[in-house]
Amino acid sequence: MAAVREKHWDEIRRRMRLPPHDPGHISREELQAAMDRDAAAFEAVLQARRLPKESEAEERTRETALEKANQGATEVPLGVAGAAVAVLDHLRRLAPLTSPAMASDLRTGVHLAVAALRGALEHVHSNLESLRDPAFQRRAREQAGQLEGRLTEELGAGSGQPETVSLRK
């Protein structure tokens, strides 16, 4: 079965003129690395919160460390959201080339990518309130807004529920 599936994907890659490793493809290793970066970013926030704050100097050091850690904890899910959009774009390109027998697999991929995008944006919004640097906060909000726009496009004018996700475009 796996050989048949791989042959089918080889045919799709050939018809789309994609290289064997398509740049739109997000590998398991890349996703694992994103999870590791997220865990490291959260650990940096925890470590910064544990810093002493007895003196003014310690308080400034702690606040600087917290800001840096919170920015990292915001950048990581922004990157994950961007990767989810790349997956959605990739699935969109595959839609016209996919056999009807695989259409439900493609739609399932869309649902999963939408869920990843939503989850990542939730983390971004959660972290935005902790940021003190207005320029960074503004850039992160703008980037999140663009990504939310893509989510709105995916969900269309429907109810916003996953059942309404389609393979338009």
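Analyst: Quick definition before we start: an axis here is a line fitted to C-alpha atoms, for helices over the stretch in contact, and the angle is taken between N-to-C directions, from 0 to 180 degrees. Keep in mind that this is a predicted model.

The pair to look at is H3 and H5, whose axes sit 11 Å apart at an angle of about 25°. Angles under 35 degrees count as roughly parallel, so H3 runs roughly parallel to H5. As for handedness, H3 passes H5 in a left-handed crossing.

Who does the touching? From H3 you get Gln71, Thr74, Glu75, Leu78, Ala81, Gly82, Val85, Leu88, Asp89 and Arg92. H5 answers with Phe136, Ala140, Gln143, Ala144, Leu147, Arg150 and Glu154.

Now the core. The largest nonpolar one has 23 residues, and Leu78, Ala81, Leu88 and Leu147 are among those with the most contacts inside it, as are Val114, Leu117 and Leu121. Helices H3 (56–94), H4 (103–128) and H5 (134–155) each put in at least two residues, with H4 giving the largest share, nine. There's also a second, separate core of seven residues, including Ala41, Ala69, Ala73 and Val76.

One last stop on H5: Gln137 belongs to that helix. Its relative accessible area is 19%, and the cut-off for buried is under 20%, so Gln137 counts as buried. Neighbours within four places in sequence aside, Gln137 is in contact with Leu128 and Leu131.

Note on methods:
Residues numbered from 1 in each chain as written. Predicted model: local features only at pLDDT ≥ 70, side-chain atom pairs only at ≥ 80, totals over all residues. Heavy atoms only, no water. Core = buried A, V, L, I, M, F, W, Y, C linked by side-chain atoms within 4.5 Å. Buried < 20%, exposed > 50% of the residue type's maximum accessible area, 1.4 Å probe, protein only. Helix = DSSP H or I, 4+ residues; strand = E, 2+ residues; numbered from the N terminus. Parallel < 35°, antiparallel > 145°, perpendicular 65-115°, else oblique. Left-handed = near helix turned anticlockwise from the far one by under 90°. Contact = heavy atoms within 4.5 Å.
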